[in-house]
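Dear colleague,

Please read the notes with the model open beside them.

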Amino acid sequence: MGKANRSGLRLAAVVSVGALALAACGGGGSSSESSAAASGGSTTEGAAGGTITMLTNAEQWQHVDPQRMYTGADIAFFSGYTTRTLTQYAYAPGAAGTELIADMATDIGTANEDATSWSFTLRDGVSFEDGTAVTCADVKYGVSRTFAQDVITDGPTYAISYLDIPKAEDGTSVYKGPYTTEGNDPAAYDAAVQCSEDGKTITFNLNRSVADFNYTVTLPAFSPVPQASDKGETYDDTVVSSGPYKITEYTKGQKMVLDRNPNWDKASDDYRPAYPDQIIVEFAQDPAAMDQRIIADAPEDQATVIYGNMQPENLATVFTANDPRFEGRTYNGYDPYVRYTAINTTLLPNVKHRQAIVAAMNNAQYIAARGGDFAGERADGIVKPNLPADYAPSGIWDGMYGDVIPVEGNPELAKKLIEESGEPMPDLTYQFPNNPVDEKIAAAIQSSMAAAGITVTLEPIEPGQYYGIVFDPEQAKELMRSGWGPDWLNASTVIPELLGQTGGFNLSQVKDDAYEAKIQDALKILDRAEQGKAWQELNKEAMENAWVIPHLFGKSQSFWGSKVGNGYLWDAYGSLAFGDLYVMQ
């Protein structure tokens with residue numbers, strides 16, 4: 001997200017599915033090996049107070065604007081502190097952390113008989129940081145912003161996909177968001193999203209049955225925004241809080257400070273414990289130094305956590321040395337994500353070229369760069385086995401391109417595919433976030449391609465700006481680092497988002513009309529088992545077309561200072577449950 005993370009969807013039907021957000025699914029369900037004595041929110045007396053400090057290599061947030069936020073850890077962070085949604089996931093380790101619960105709404109929603117309409121009633125006492133009550137109109141306005149695709153970029157597009165709003169001749173929505181007047185149809189949006197006379201109930205009218213739409217509204221894209229405070233693209237820097245904290249400082253390249261929101265009403269929010277008095281995020285930190293600060297656990301760092309994963313070179317020290325210093329302050333388990341490289345089909349339209357790139361990839365080097373056995377296992381597609389109804393081996397490594405591709409890659413097959421392509425392989429550029437782990441991965445990709453005679457130039461990008469650049473068609477190059485986790489446990493939140501023409505994370509710029517038609521057919525299937533088979537076939541077809549290089553069904557490791565309580569891997573978002581953390585007094 002994800003993006004991480006943008007992190008995934010649509011109509012499942014029948015079963016109410018669990019959650020996982022942002023950028024690619026986790027392996028084998030909730031197989032977290034957390035050593036933390038996590039209690040899912042129940043803590044000892046006196047847990048309130050203190051300051052939690054978070055360290056990150058990024059110089060800024062990718063997005064703070066809720067309608068533009070779409071990576072798992074970012075959603076976990078801001079949903080815990082500043083951004084309320086209609087529904088959310090329970091704070092708990094393991095499978096319990098994917099339970100859908102009410103947040104800003106009084107319950108998890110009411111659907112009509114065929115799930116084409118969903119209604120949510122707001123709790124009393126929900127307010128913004130200035131004390132103004134949050135109404136249906138604020139939620140409706142927040143959702144409307146997602147339609148302004150020229151301004152509100154990078155976020156999920158479920159509202160555009162699901163709401164019963166006609167399409168224009170060019171296939172886009174006739175509603176263009178709140179910033180446009182010419183050629184816009186606000187009445188169509190008003191018919192699709194309706195508020196009750198008392199301003200307490202919001203109803204979403206959908207263009208199809210969406211049995212799990214109440215999972216969709218966990219995303220910040222469905223959070224309230226006061227219209228009077230909206231500054232369009234620059235709202236990213238001036239977000240108005242609806243949660244227990246408000247942003248009192250945001251200096252890019254330095255830090256963000258969250259202080260208690262005096263107008264937050266605990267009676268309206270029994271979900272967020274709001275333990276600390278303050279949260280500080282320190283940007284632009286050296287990753288190696290971050291690890292060492294947590295390992296040393298000096299008094300000033302005992303209430304500190306790393307925002308992200310540990311550096312691979314420190315994993316053995318923390319996880320295999322049986323050092324009592326780290327007891328109760330680590331997690332090590334399968335996360336929601338598939339790590340992959342997106343192949344830009346606009347710049348690389350020749351399928352044989354794309355297949356050659358996949359064949360050349362030495363995933364053994366990739367896995368070693370991410371931490372070896374700690375990293376996970378080689379992926380064979382973009383659907384992870386933790387979606388058992390939707391996963392089947394794709395066969396990509398077993399002869400799909402004419403020969404077996406071992407984990408070390410098959411450069412000779414790559415050369416053969418280039419020869420079969422009928423044209424020379426162009427020089428490539430690989431874009432990646434500028435941090436030590438991704439630098440190693442970039443080197444592995446460069447050397448893998450070189451073995452097959454493919455030239456790759458490396459282009460590191462500041463992490464906080466990465467997705468904003470690679471999502472710009474004018475700036476995106478041939479290869480881009482990525483990862484994805486389903487927005488909930490259905491590959492409808494993977495395939496359409498990553499490879500569909502209305503998806504929010506189509507870095508590969510796939511524009512295959514026949515494939516899109518198959519996606520839309522799959523979304524209409526209400527029998528869950530039958531729908532799962534459709535996703536299996538679409539995953540296989542994507543690998544045949546070599547729209548991505550699948551790398552890893554990932555695991556994650558993290559650790560924190562000795563005075564941080566409730567540290568655990570939250571299956572909902574594949575990160576720490578930031579809003580449940582507290583400082584041991």
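In the largest nonpolar core, which has 151 residues, Met54, Phe77, Leu163 and Phe204 touch the most other members; such a core is a set of buried Ala, Val, Leu, Ile, Met, Phe, Trp, Tyr and Cys residues joined through side-chain atoms within 4.5 Å, where buried means under 20% relative accessible area with a 1.4 Å probe, protein chains only. Another core, of 11 residues, lies apart from it and includes Leu55, Ile294, Ile306 and Val318.

This is a predicted model, in which local features need pLDDT of at least 70 and side-chain atom pairs count only at pLDDT 80 or more, while totals for chains, interfaces and linings use all residues. Residues are numbered from 1 along each chain as its sequence is written, and side-chain values use heavy atoms, with hydrogens and water left out.

There is also an open sheet of six strands with mixed pairing, in the order β13-β17-β12-β16-β14-β15 (strands are DSSP runs of E, at least two residues, and helices runs of H or I, at least four, numbered from the N terminus; two strands pair if DSSP finds at least two bridges between them). At its edges are β13 (376-378) and β15 (456-461), each pairing on one side only. Strand β14 (residues 428-433) runs parallel to β15 and is joined to it by six bridges, with Leu428 standing opposite Val456 in β15.

Helix α11 (residues 436-451) packs on the sheet, touching β12, β14, β15, β16 (479-484) and β17, where contact means heavy atoms within 4.5 Å.

Best regards

Definitions and conventions
Axes are lines fitted to C-alpha atoms, for helices over the stretch in contact, and angles run from 0 to 180 degrees between N-to-C directions. Buried means under 20% relative accessible area, exposed over 50%, partly exposed in between (1.4 Å probe, protein chains only).
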